[in-house]
Amino acid sequence: MIAKAFLNITHRRPKLRTFFWKSLYEFLAGRFRNREWQFMNFGYAPQPHEEEPMPTLPEDQVSNRYCIQMYYHLASQVPVEGKDILEVGSGRGGGANFIYQNLKPSSMTGLDLADKAVDFSNKNYQGESLKYVQGSAVEMPFEDNSFDVVVNVESSHAYPSMEDFLSEVKRVLRPGGFLVTADNRHSEKVPVWHQQLETSGMSIIAEKDITGNVQKALDDDNARKESLVQKHVPSFLRKYIREFAGMHGTVMYNDFASRRRIYKSYRLQKAD
Ligand SMILES: C[S@@+](CC[C@H](N)C(=O)[O-])C[C@H]1O[C@@H](n2cnc3c(N)ncnc32)[C@H](O)[C@@H]1O
């Protein structure tokens with residue numbers, strides 16, 4: 001409730017908004033240093049009638065299946081093998097590491113605003129061509145035309161300006177490169193979000209309403225999350241962490257169930 005009120009106030013104050021999100025993710029990365037917690041998205045599960053193939057995971061990654069599937073849903077839409085990939089909003093690093101270990105990119109770079117999340121990622125995942133860098137989505141510390149694909153999972157809602165983010169994506173992508181992005185918005189903000197993407201100077205190649213896929217993942221993963229909350233989270237923080245994780249009974253979960261909040265994925269391409 002407090003966070004919601006604060007977000008409403010910061011809606012027209014981009015600097016305050018950035019301060020709020022940075023503080024939250026710095027706190028989470030500093031407070032919860034457990035290596036098991038690698039992802040911070042709500043997850044993705046194909047519906048029974050969908051025939052979307054999903055990766056077979058090694059034993060130690062099965063518990064992260066739904067969060068990994070969100071990454072796979074995006075990354076499987078674009079050429080990754082042998083390409084230079086950037087993830088904007090890489091969080092605790094699990095998604096970039098999954099792409100690096102499994103989809104054979106030439107290089108994988110994660111960018112995140114929260115220093116502690118970047119430190120956590122660099123400490124836990126290493127690879128010759130894998131790195132995590134601190135920086136902002138609206139002012140990326142990269143040269144023009146540096147990447148073939150930008151991946152962006154559940155992060156753009158926090159940016160001070162969606163237009164500036166998209167202009168930065170277009171700048172760092174090579175001609176013909178792709179942006180694959182997935183996130184959620186309140187239903188009344190979806191048309192504005194869509195228009196921001198449509199007027200980004202890149203072309204929308206594909207889009208999908210994945211609210212049902214996210215809700216299925218939240219349902220299927222709820223019991224596992226509850227046992228992690230019981231094990232790792234002190235009781236005074238449990239209510240907030242359950243909300244953050246979109247667990248049963250939370251405002252977030254109910255908003256997806258009633259479609260007051262919509263989750264979508266998009267694939268955009270920069271012109272050749
Ligand atoms: C919900 S988490 C998702 C993390 C990751 N993509 C995942 O799925 O596990 C959102 C991430 O976006 C990052 N973020 C928020 N605002 C940002 C900004 N302006 N620039 C870069 N990263 C930002 C946060 O620090 C956080 O790590």
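Visitor: Which helix gives the largest share of the lining of the second largest pocket?

Guide: That share, 6 residues, comes from α8. Keep in mind that we are reading a predicted model. As for the general idea, rolling a probe the size of a water molecule over the atoms shows where empty space is left. Here, the second largest pocket has a volume of about 540 Å³. Among its 26 lining residues, Trp 37, Phe 39, Arg 224, Lys 225 and Leu 228 are the closest to the centre. At least two lining residues come from each of α8 (211-232) and α9 (235-244).

Visitor: And what classes of residue does the lining of that pocket have?

Guide: The lining has 13 nonpolar, 6 polar and 7 charged residues.

Visitor: Let's turn to α6. Why do its buried residues line one face of the helix?

Guide: In general, an α-helix has 3.6 residues a turn, so residues three or four places apart point the same way. In α6 (residues 162-172), the buried ones are Met 162, Phe 165, Leu 166, Glu 168, Val 169 and Val 172. Down the helix axis they fall within an arc of 160°, so they line one face. Their packing partners are β1 (84-88), β4 (147-153), β5 (173-186) and α7 (190-198). At the start of α6, a side-chain oxygen of Ser 161 comes within 3.4 Å of the backbone nitrogen of Glu 163.

How values were computed:
Residues are numbered from 1 along each chain as its sequence is written. This is a predicted model: local features need pLDDT of at least 70, side-chain atom pairs count only at pLDDT 80 or more; totals for chains, interfaces and linings use all residues. Side-chain values use heavy atoms; hydrogens and water are left out. Buried means under 20% relative accessible area, exposed over 50%, partly exposed in between (1.4 Å probe, protein chains only). Helices (H or I, at least four residues) and strands (E, at least two) are DSSP runs, numbered from the N terminus. The arc is that of the directions from the helix axis to the C-beta atoms. Contact means heavy atoms within 4.5 Å. A polar contact is a pair of N or O atoms within 3.5 Å; within protein, one must be able to donate a hydrogen and the other to accept it, and residues adjacent in sequence count only if both atoms are side-chain atoms. On a 1 Å grid over the protein atoms alone, a cavity is a set of points where a 1.4 Å probe fits but cannot get out, and a pocket is an open set with protein on both sides within 12 Å along at least five of seven lines; lining residues have an atom within 4 Å of a point. Grid points are joined across faces, edges and corners, and a volume is the space filled by probe spheres set on the points. Ala, Val, Leu, Ile, Met, Phe, Trp, Tyr, Cys and Pro count as nonpolar, Asp, Glu, Lys and Arg as charged, and the others, Gly among them, as polar.
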